[in-house]
Amino acid sequence: SVTIPPPPCMLRPLEAPLRYLFGPGPSNVPPRILTAGGRPIIGHLHPEMYEIMNDIKQGIQYAFQTENNMTIAMSGSGHAAMECAVFNTVEPGESVLVAINGIWGERVAEIAERMGANVHTMVKTPGGYFSNKEIEQAMEKYKPVLFFLTHGESSAGLCHPVDGIGDICRKHNCLFLVDTVASLGAAPIFMDKQNIDILYTGSQKALNAPPGTAPISFNDRACHKMFNRKTKPVQICLYHHTGPVSGFFALRESLAILAEKGLEESWRKHKEVAAYLYRGLEDLGLKLFIPERDLRLPSVTTIAIPEGYNWRELLAYIMKHHQMEMTGGLGPSIGMVMRIGLMGYNCEKTNADMALHALADALKNCKKSKA
Ligand code: GLV
């Protein structure tokens, strides 16, 4: 007989309140995508599923602006896609160059180091960015097989320029790996035109699908490197496993919405709503963390923590009184910023107004500590 009784918590109904997810993700999932994800599941090897996977591939090719054949949705988080990219393209002992200006570069450096690569980093404090000249100089020095850059650095709210870097990587026979988890659909990226060799994203940000699937694409240069390895990769990619069927239904629907709306319209909308939010934040006397407007990530806006306030108290107040998530920093930006994300479905001026109202209320009601 069983010795461990049913846990009392399991005898209570599920509680998952409705919340405004105005942080850096996941963002609210629109009813159309929820409904798609809630359809009766089919077998992961049924013919309809192959067709859905093929649709997803084309949806990702559009979202990434690529014709790469090796374009798939992984089962897993954006982190899984990050690991997949590094594990499959790099062999132990090879040189890897990582641009760190927030948490994501730190994480890639850690992954690459743990798998035995020879890791070199270029480091800036959150909000910093790298010139193409600096990148080229580091490439000449370290001769990496892979260079990693975060396009949408959500921990700092920075959207890193990408133009020209792919060409530098080609010149130095290096693969260019770009993380667009927080930026895809919100800020322009052109995988083929910008000579990006490996690109990945997550499902839960501007795509508005539930977390758990991760689009990734490899071009021929990346495939050539992967398929001519001398050692086996640590992570076995792709097959055979039972994929998250419901997650793929939802991802397909989110990519369909993006295709219907159009990428350019989605970029325009994120920029417009972000600009509206910036004005409102400045009207509240708040200071935007990234001074250069063109470098701000349109999906995640970072605010410098207002003088004299405890950021944890402000965020807790907003959650308690407005059922709204905003967040603090992440990794190296903890204690430096508060973050507001308005992505995809959430990217509306009315939501910006709600976020501003909640912030104004918190600023009024949270005690200002004496410095
Ligand atoms: C992502 O999960 C973030 O918090 O930036």
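Trainee: Is Lys230 buried or exposed?

Mentor: Count neighbours. A residue is buried if 20 or more other C-beta atoms lie within 10 Å of its own, exposed if 12 or fewer, and partly exposed in between, with C-beta atoms placed from the backbone. Lys230 is exposed because it has 6 other C-beta atoms within 10 Å. Keep in mind that this is a predicted model: local features need pLDDT of at least 70, side-chain atom pairs count only at pLDDT 80 or more, and totals for chains, interfaces and linings use all residues. Residues are numbered from 1 along each chain as its sequence is written.

Trainee: Where is the place of Lys230?

Mentor: Lys230 is in the loop between α7 (220–227) and α8 (245–261). Helices (H or I, at least four residues) and strands (E, at least two) are DSSP runs, numbered from the N terminus. In sequence, Lys230 and Glu91 are 139 residues apart; in space, they are 7.9 Å apart, C-alpha to C-alpha.

Trainee: In what order do the seven strands form the open sheet?

Mentor: Strands of a sheet pair through backbone hydrogen bonds, either parallel or antiparallel. Two strands count as paired if DSSP finds at least two bridges between them. Here the order is β2-β10-β9-β8-β5-β3-β4, with mixed pairing. The edge strands, β2 (70–75) and β4 (118–123), each pair on one side only.

Trainee: In what sense do β2 and β10 pair?

Mentor: Antiparallel, over six bridges, with β10 spanning residues 213–218. Ala73 stands opposite Pro215 in β10.
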